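The exercises below each set a task and then work through a solution step by step. Please look over the sequence and the structure before starting.

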Amino acid sequence: MRILVTGGAGFIGANFVHWTRRHRPDVEITVLDALTYASDGTALDPVRGDITFEQGDIADAALVDRLVAASDLVVHFAAESHNDNSLVDPHPFLQTNVIGTYTILEAVRRHDVRLHHISTDEVYGDLELDDPARFTEDTPYNPSSPYSSTKAASDLLVRAWVRSFGVKATLTNCSNNYGPYQHVEKFIPRQITNGIDGVPAKLYGEGLNVRDWIHVDDHNSAVWAVIDKGRLGETYLIGADGEKSNKEVVTAILRALGQPEDAYEHVTDRPGHDMRYAIDSTKLRTELGWAPSYADFDEGLRATVQWYRENEAWWRPMKDATEARYAAASLPA
Ligand code: NAD
Ligand code: DAU
């Protein structure tokens with residue numbers, strides 16, 4: 001099988017490539033990635049000799065057409081992925097998440113190639129802290145931020161191309177990922193690297209917001225379950241029952257770093273900050289027999305903290321630029 005992985009140099013995409021090399025060595029992999037600010041490509045260094053890498057934009061129709069024509073399956077991770085950035089400048093989110101996905105859809109339609117579209121639980125909006133409900137595949141779309149609304153738009157485009165043109169596609173909407181190679185702009189790596197630098201962790205607002213954490217390898221094993229056994233045209237929610245408040249996560253990080261559990265500060269809240277995400281992954285588990293392998297969040301988090309300690313050469317070049325971007329944008333400091 002020849003697969004095209006868009007965004008394969010980013011956090012989840014690179015881990016997907018590593019996972020696929022470990023578990024599916026028969027699969028030929030081409031990565032298409034623009035190497036935006038979000039990736040310098042080095043997350044692929046360990047598999048460099050085993051894959052084909054193309055630097056380019058998913059909105060480049062001629063390039064996408066050529067690569068899709070040579071593939072049996074497209075796994076579409078490429079996106080602008082950070083909510084905070086989308087509040088400063090939404091334009092790249094429209095361009096990549098909407099126009100880029102449209103460009104891919106037109107190519108898979110032309111060449112009758114299967115697509116697996118990677119999306120997020122944020123398309124469903126948020127839940128109250130005391131609401132017993134969790135998101136299911138039937139929850140109405142209600143995105144809050146420029147990021148999540150462009151991801152919602154991309155999902156709707158995929159569904160429309162399935163229905164109108166018979167495109168062979170599956171979709172997954174996953175909760176918050178953690179693990180190696182996550183950009184230091186994101187919550188967990190930002191606080192781990194702040195801690196290593198002796199800077200207090202930054203909690204937006206009161207730190208009561210809840211995210212449903214899943215290890216990136218569990219996300220990627222679920223993506224393969226859907227590629228292998230998922231029904232065409234269907235959406236599957238991916239989650240590992242990992243609900244934690246941001247404050248709980250910060251204290252767990254500080255414990256893993258061997259620092260005082262109160263070594264954090266409260267900073268200005270994110271505008272429009274979603275309160276809580278929670279995934280009901282019954283469909284994925286019962287229909288496809290998937291289960292996560294990282295049952296213990298604290299253990300997965302400790303391994304992630306250790307990875308950032310041991311791989312400073314990977315994250316150090318992006319740390320100062322990221323903090324400078326937060327400061328310049330007057331985002332929560
Ligand atoms: P990331 O920002 O770490 O990686 C995105 C990658 O896409 C980068 O390598 C970047 O260079 C590339 N890219 C961006 N614009 C491009 C373009 N126009 N053309 C080609 N490549 C481009 O993001 P991530 O956290 O790995 O997220 C990957 C996907 O998973 C996204 O679609 C995101 O919406 C989705 N997702 C993320 C999470 C999470 O917790 N991080 C959870 C659920 C779903
Ligand atoms: O739910 C899936 C989504 O998870 C993905 O679609 C997104 O691509 C991914 O970035 C993530 O979005 P969030 O906005 O939930 O993740 P982020 O890491 O930015 O923030 C997690 C929580 O931590 C959120 O409530 C905001 C808070 N936060 C974030 C940062 C960067 C802080 O309290 N302090 C911080 O410094």
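**Exercise 1.** Which atom of Thr 36 lies 3.1 Å from an oxygen atom of ligand 1, a backbone or a side-chain atom? Then describe the other polar contacts and the cover of the ligand.

*Solution.* The model is a predicted one, in which local features need pLDDT of at least 70 and side-chain atom pairs count only at pLDDT 80 or more, while totals for chains, interfaces and linings use all residues. Residues are numbered from 1 along each chain as its sequence is written, chains are lettered from A and ligands numbered from 1 in the order in which they are written, and side-chain values use heavy atoms, with hydrogens and water left out.

Step 1: in Thr 36 the atom is a backbone N or O atom, and such a pair is a polar contact (N or O atoms within 3.5 Å).

Step 2: polar side-chain atoms also approach oxygen atoms of ligand 1, at 2.6 Å for Asp 33 and at 2.7 Å for Lys 151.

Step 3: ligand 1 taken alone exposes 830 Å², of which the protein buries 96%, with areas from the Shrake-Rupley method and a 1.4 Å probe.

**Exercise 2.** How many nonpolar, polar and charged residues does the shell around ligand 1 have?

*Solution.* Step 1: the shell around ligand 1 holds 28 residues, counted when a heavy atom lies within 4 Å.

Step 2: by class, 13 of these are nonpolar, 12 polar and 3 charged, with Gly placed among the polar ones.

Note on methods: A polar contact is a pair of N or O atoms within 3.5 Å; within protein, one must be able to donate a hydrogen and the other to accept it, and residues adjacent in sequence count only if both atoms are side-chain atoms.
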